[in-house]
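Dear colleague,

Please find the structure below, handed over for your review. My notes on it follow directly after.

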Amino acid sequence: MATIRQKMIELLRNEELDAHDLSQILSIREKEVYEHLPHIVKSLEAAGEKLTIHPYVCLTCDYVFKDRSRLNRPGKCPRCKEGSIRMATYEIL
Ligand SMILES: [Zn+2]
């Protein structure tokens, strides 16, 4: 577990990635990426660092999921009710 989180942190230091990218690179399921991310946020905070999250955006009406507390993919847009959502991306700046 710790190793995967360390790898995720290393990857996110080097480039901006979304959960799908991370799942492919680490050979884990996207669902697991969302389970690891909150722990990464905490370890970074403990070290005085921060995970920068670029939020999900609706591709139909440009609604930004800015205050979304959960990290997993939204099913559809609350404003236009469409389901074309651009993935949130993560990086450590
Ligand atoms: Zn929308």
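In helix 2 (residues 19-26), the buried residues include Ala19, Leu22, Ser23 and Leu26; buried means under 20% relative accessible area with a 1.4 Å probe, protein chains only, and helices (H or I, at least four residues) and strands (E, at least two) are DSSP runs numbered from the N terminus. Seen down the helix axis, these buried residues fall within an arc of 100 degrees, so they line one face of helix 2; the arc is that of the directions from the axis to the C-beta atoms. At the start of helix 2, a side-chain oxygen of Asp18 comes within 2.9 Å of the backbone nitrogen of His20. Ser27, which follows helix 2, has a positive phi near 55 degrees.

This is a predicted model: local features need pLDDT of at least 70 and side-chain atom pairs pLDDT 80 or more, while totals for chains, interfaces and linings use all residues. Residues are numbered from 1 along each chain as its sequence is written, and side-chain values use heavy atoms, with hydrogens and water left out.

The zinc ion has as protein donors (N, O and S atoms within 2.8 Å of the metal, or 3.2 Å for Na, K and Ca) the SG atoms of Cys58, Cys61, Cys77 and Cys80, lying 2.3 Å from the ion. In sequence, the donor residues are spaced C-x2-C-x15-C-x2-C. Cys58 lies in strand 3 (residues 57-58) and Cys77 in the loop between strand 3 and strand 4 (85-86), so the pair ties together parts 19 residues apart in sequence. Both Cys58 and Cys77 are buried.

With kind regards

Terms used. Buried means under 20% relative accessible area, exposed over 50%, partly exposed in between (1.4 Å probe, protein chains only). A polar contact is a pair of N or O atoms within 3.5 Å; within protein, one must be able to donate a hydrogen and the other to accept it, and residues adjacent in sequence count only if both atoms are side-chain atoms.
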